[in-house]
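Please open the model in your viewer, with the sequence panel beside it, and follow the stops below in order.

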Amino acid sequence: MLDHILEILFDARDASLEDVVQSRLFLTATTGSTSAEVNETTTVAAYFDAAAERDAAMAGFRDLDGVELHGTERERVDWLELYQQSLQPLFIGSRFVVVPDASLLPEMSDRLTLVVPQEQAFGTGSHETTWLCIELLESLPVAGKRGLDVGAGSGILALALHRLGARKVVAFDNDNDAYGALRDNRIRNGVAESAMPLFIGGVEALRGGTFDLVTMNIIPEVIIPLLGDIVARLAPDARLLLSGILVTRRDDVIEAARLHGLEPVSERTKGEWWAGVLRRVKFEE
């Protein structure tokens with residue numbers, strides 16, 4: 001089955017034109033649309049079930065100055081089938097297995113289990129950055145420690161810390177939509193509320209106390225400005241795990257960390273991604 005697509009290209013700097021395009025699409029038989037901006041050109045791709053419906057919609061844009069129109073066909077993707085095919089256990093590192101549903105847990109396995117639905121957009125274990133974090137966590141002394149998961153998303157790293165024996169892990173994110181995923185995954189994995197407190201907000205909302213292990217799987221643009229606040233929360237002999245960093249940005253992050261008295265103690269790469277564990281120098285001298 002084909003999707004019949006109308007592509008509408010226009011100057012991305014013209015916000016009023018985008019409003020007109022979206023308004024006119026609303027009056028057509030489109031089943032949905034996507035929008036992307038490349039080199040200051042916005043491309044809106046509107047999907048139709050029939051070529052006649054697509055062509056009729058195209059006719060409604062021909063009087064509009066400043067737009068370029070293209071009609072095309074593409075084989076329809078069965079997203080439900082692809083999703084169902086993806087429902088397989090992920091064996092990460094030497095100790096973990098991540099599944100989207102508890103029914104998919106492998107029998108007779110001594111691996112530590114994490115149940116995180118793959119439809120969540122906040123971290124499911126399938127991305128290289130999460131793999132790197134979990135592999136590095138396996139190499140650290142976690143039992144009995146107090147952890148902090150910054151930008152927790154789905155909470156997969158906080159949950160991994162619990163599986164490795166952490167005493168308590170605080171998980172937070174500044175995205176309001178992340179709270180439902182955090183709460184539901186805590187329940188799915190049988191972690192008590194008191195053992196994994198959650199909140200939506202920033203570092204400044206943390207109560208007093210320090211942490212033995214801190215994970216930050218975000219991006220350098222978020223990590224670097226937060227380093228000062230995070231370092232102030234590190235206990236003596238603490239470890240800070242950083243990920244979400246392209247290999248090409250590794251040196252930028254390491255240099256920023258050094259300015260805050262941190263040095264790398266271990267690091268890994270996977271594909272184009274880098275992750276590392278750092279410690280406070282003054283507590284190691």
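Begin by selecting Met-108, which lies in the loop between β6 (96-99) and β7 (112-115); strands such as these are DSSP runs of E with at least two residues, helices are DSSP runs of H or I with at least four residues, and both are numbered from the N terminus. Before going further, note that this is a predicted model, in which local features need pLDDT of at least 70 and side-chain atom pairs count only at pLDDT 80 or more, while totals for chains, interfaces and linings use all residues. Residues are numbered from 1 along each chain as its sequence is written, and side-chain values use heavy atoms, with hydrogens and water left out.

Stay on Met-108 and look at its backbone: its phi is near 55 degrees, a positive value in a residue other than glycine. Most residues other than glycine have a negative phi. Is Met-108 buried or exposed? Met-108 counts as exposed because its relative accessibility is 85%, where exposed means over 50% relative accessible area, buried under 20% and partly exposed in between, with a 1.4 Å probe and protein chains only.

Next, select Asp-237, which is found in strand β12 (residues 234-246). Its phi, near 65 degrees, is again a positive value in a residue other than glycine, and at 49% relative accessibility Asp-237 counts as partly exposed.

Now display the open sheet of four strands, whose order is β2-β3-β1-β4 with antiparallel pairing; two strands pair if DSSP finds at least two bridges between them. Because β2 (32-38) and β4 (67-75) stand at the edges with a single partner strand each, one side of each is left without a neighbour in the sheet. From one strand to the next, the twist averages 20 degrees.

Within this sheet, select β1 (residues 2-11), which nine bridges join to the antiparallel strand β4, and find Leu-2, which stands opposite Glu-75 in β4. Helix α1 (residues 15-26) packs on the sheet, touching β1, β2, β3 (41-48) and β4, where contact means heavy atoms within 4.5 Å. The direction of α1 makes about 155 degrees with that of β1; axes are lines fitted to C-alpha atoms, for helices over the stretch in contact, and angles run from 0 to 180 degrees between N-to-C directions.

Finally, select helix α2 (residues 51-59), in which Arg-54, Ala-57 and Met-58 are buried. These three cover an arc of only 100 degrees around the axis, so they lie on the same side of α2; the arc is that of the directions from the helix axis to the C-beta atoms. The buried residues of α2 pack against β1, β3 and β4, whereas Ala-52 and Ala-56, on the other side of α2, are exposed.
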